[in-house]
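Hi,

Here is the model I said I would pass on.

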Amino acid sequence: MDDSRVIPIAPAGGAAPGRSAAFEYIATRKDELIGWARKFSLFPYPFVTACCAMEFMAVSGSPYDTDRFGAALPRFSPRQADLLMVVGTITHKQAPVLLKVWEQMCEPKWVLAFGVCATSGGFYNNYATVQGVDRLLPVDVYVPGCPPRPEMVIDGILRLQEKIAGQKHPILTRDF
Amino acid sequence: MDSFRDKLDRQLAAAFPALAAAADMPVLALAGNQALAAARRLRDEFGFDMLSSVTAVDWPQRAPRFDVVWHFYSTRSFARLRMKAQVGVDDPQVDSLLPLYGAAAFMERECHEMFGIGFRGNPDLRPILMYEGFVGYPLRKDYAKTHEQPLVPYREQPPAGRPAQEP
Amino acid sequence: MDTRLPNPVRPAFGASSDDTVVVNIGPSHPATHGTVQIIAELSGEKVLRVDVHCGYLHRGFEKECEAHTWHNLIPYVDRLNYCSALINDFAYCDTVERLMAIEITPRCRYLRTLLAEYSRIADHMTCVAAALMELGAMTAFLYLVTIRDQIYEHLADLTGARLTYSYGRIGGLARDLPPGWLERLEKILADCDVFLGRVHGLVDRNRIFIDRMRNVGTIGAAEAIHWGYTGPMLRASGAPRDLRKDVPYLAYAELEFEVPVGIIGDNYDRYYVRMREIDESIHMIRQLVDLLEDKGQGPIEVDDRRCSFPPKERVYGEIESLINHFKLVIDGPRVPAGEVYVAHEAANGELGFYAVSTGGAGPYRLHVRSPSFVHMGGIHRMLENYQLADLVPTFGSVNMIGGECDR
């Protein structure tokens, strides 16, 4: 799978060869600005299957409320979403569907594995269950729990936001 | 209600000599090709208007290997009845109860894909819980629990101990 | 290299003429709760034929049953109908108790009944909330999720978990009520009445709601029985069948409650039957609180060493209790050989467990008669000849729970 969408931050102590320090400074500030904008406007695609759905509903409603973090409005079309929340167990029957939805999402996109079944298969170690969604697609944040408490989910979203804030966000060219 | 139930039990015992009494409900043991006729009598004469479940049990040490088990319920007398047929692994065919109960459709599909039991008279035995391309019958005792048949190839996993992406 | 993803199902039909279109709805679709695929042939907006595929959440529960002890299956059983996990717990424990010929204590019986009804309230609220949200009534969803969250937190005080409790034990319950639990229960029930009143006010006589739900997805009582429907689906069609009244178990014979019945079996009837059942459950819980006070004092676990742990002081003090405890944890309870089918009235209908034991530490075979699965078998009768947009409220009113349907 393509990991090039996460580009490591340039090593400390100097600009990359062929670039001026001013360029790097502008690129970093641009990344901080875009990262700030993107992390506070997440549009989740809730790929909901099982019991974790109940906690997803709970974390979306009051008193937990993901709307405080900008991650409330779900988009049920992968073309319009940027955060794939895999909520619940993924079975082998469901795997092609999950992969199709993920491939239809446009960059930038992130994946949050919600619940221990999405993280590692949970306690369903058998012929029907995929032992973790990261066997199919790259996962950014794992939120274990069976089901995770809403506070854990919010913690997961906050960590994802930190990750997004620290990433490079190329918008004009592949490098800038 | 008890005398009504006793009367029902007596009538059932008279109609089906093979009826036995298990701990929780009467059990009728018969051959796989008698199931439809017996179920029709149970529904029309004895009021068992609801089919609760169709399932099977695998006894690999025994021949014939499978027990196909039906549970019936009467919404009028609240009586329950279990019907069982033994079928071997070489020709695991029983009658389908689809002509009598619409509920049999999905239940028989599940029993077929899990055990390989054939239901004569059910035209649609496509997998319902499993997927196309799955080989084998998972609930048989000789199917290993963790034998997965992925539909989608797995992506490369990073070596253990290192994160997938550099921070 | 063929990069297309494989199709996990085989549709039953293609388009039958040039004027019709076959569309695929799901499985990743909010209306179908993420796990059901409906392949529909449409003529314009009218649904001609429907092919329903479930199984996208088949997690191999029945195979897992053969690899664990009777006790260790309680968390798995929780995750069948995860909206009302306590009902599944108690139905399963009842199944094993029948095989072992154990009779639970009165306190356990009343508490199980109370918690089963409490769970049923949470389940019906979830169903109605999701159904209304899919129609666009976001406010009703938020009201119901708020009060449901209070129920979850309250049950977390008792069991330790908000959703999948693993609270039932073979022969009893995990622990007794903490102090103050029943007082908080009364407050939550009062809040339930308030919030339900608001939802009724928003929706019951709302023109749009009636237009979308009345005479949509209709199924008659005889046909419902033919397709194996039980629970609120059957009661909405007019048949007053309820296992709690017809074949009472737990403490239902001592309670006074009505069985709400619908008129024609459409979506509106199913919605209203569920709302009335919440009222009846609240009424039952209030009676059970009094019964607990009067006749329900005593231990919550039956004093049977085959399944109940000995008290901890004795485990640390004497070797027999230590061995007993060890055997129960490692090997599980020894259940005598036999088979049994036990059915409880779950939130969706008849939840049955068919257990076959050969005397071992775990079940030889455990089959779940799942109401949602049987309802999916007949749902095509409620979707065909209606509009495509009617699929959403009809499916929402069936309360298909993936964990229970696909097991």
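Below is what I found in it, going from the chain contacts down to single residues. Please keep in mind throughout that this is a predicted model.

**Where the chains meet**

Let's start with chains B and C. Their contact takes in 34 residues of chain B and 39 of chain C. On the chain B side, three elements each put in at least two residues: strand E3 (50-58), strand E4 (66-73) and helix H3 (104-115). Which of them gives the most? That is E3(B), with 6 residues. If you sort the chain B side by residue class, you get 20 nonpolar, 7 polar and 7 charged.

Chain C also touches chain A, with 30 residues from chain C in contact with 30 from chain A. Here the chain C side draws two or more residues from each of helix H1 (61-65), helix H5 (138-159) and helix H17 (402-406). H5(C) is the top contributor on that side, giving 5 residues.

One partner is helix H6 (residues 181-203) of chain C: the two axes come within 11 Å and cross at roughly 160 degrees. Angles over 145 degrees count as roughly antiparallel, and that is why H6(C) is described as roughly antiparallel to H11(C). From H6(C), the contact uses Leu182(C), Leu185(C), Leu189(C), Cys192(C), Leu196(C) and His200(C). Facing them from H11(C) are Met275(C), Ile278(C), Ile282(C), Ile285(C), Arg286(C) and Val289(C). By class, that contact comes to 10 nonpolar residues, 1 polar and 1 charged. As for handedness, H6(C) and H11(C) cross in a left-handed way.

The other partner is helix H4 (residues 106-135) of chain C, which packs against H11(C) at about 160 degrees with the axes 9 Å apart. H4(C) and H11(C) are therefore roughly antiparallel as well. The crossing of H4(C) with H11(C) is left-handed, and the contact is made up of 19 nonpolar, 3 polar and 5 charged residues.

**The core**

The largest nonpolar core has 212 residues, and the ones touching the most other members are Leu84(A), Val86(A), Leu112(A), Phe114(A) and Leu144(C). Which element supplies the largest share of this core? It is H4(C), with 17 residues.

Leaving out residues up to four places away in sequence, it touches Cys52(A), Phe56(A), Met85(A), Val86(A), Val87(A), Val143(A), Pro148(A) and Val153(A).

Then there is helix H16 (391-398) of chain C. All of it is buried, 8 residues of 8, so H16(C) is largely enclosed by the rest of the structure. The buried residues include Leu391(C), Pro393(C), Phe395(C) and Val398(C).

- Pro108(A) sits in the loop between helix H3 (95-104) and strand E3 (110-114) of chain A.
- Another cis peptide bond links Gly26(C) to Pro27(C), with omega at about -5 degrees. You will find Pro27(C) in the loop between strand E1 (21-25) and strand E2 (37-43) of chain C.
- Asn385(C) is not a glycine, but its phi is positive at about 70 degrees. The residue is in the loop between helix H15 (380-383) and H16 of chain C.

Are Asn385(C) and Arg407(C) buried or exposed? Asn385(C) counts as exposed because it has 12 C-beta neighbours inside 10 Å. Arg407(C) is buried, with 26 other C-beta atoms within 10 Å.

Cheers

How values were computed:
Residues numbered from 1 in each chain as written. Chains lettered and ligands numbered in written order. Predicted model: local features only at pLDDT ≥ 70, side-chain atom pairs only at ≥ 80, totals over all residues. Axes fitted to C-alpha atoms, helices over the stretch in contact; angles between N-to-C directions. Helix = DSSP H or I, 4+ residues; strand = E, 2+ residues; numbered from the N terminus. Parallel < 35°, antiparallel > 145°, perpendicular 65-115°, else oblique. Left-handed = near helix turned anticlockwise from the far one by under 90°. Contact = placed C-beta atoms within 7 Å. Nonpolar A, V, L, I, M, F, W, Y, C, P; charged D, E, K, R; others polar. Buried ≥ 20, exposed ≤ 12 C-beta atoms within 10 Å, placed from the backbone. Core = buried A, V, L, I, M, F, W, Y, C linked by C-beta atoms within 7 Å.
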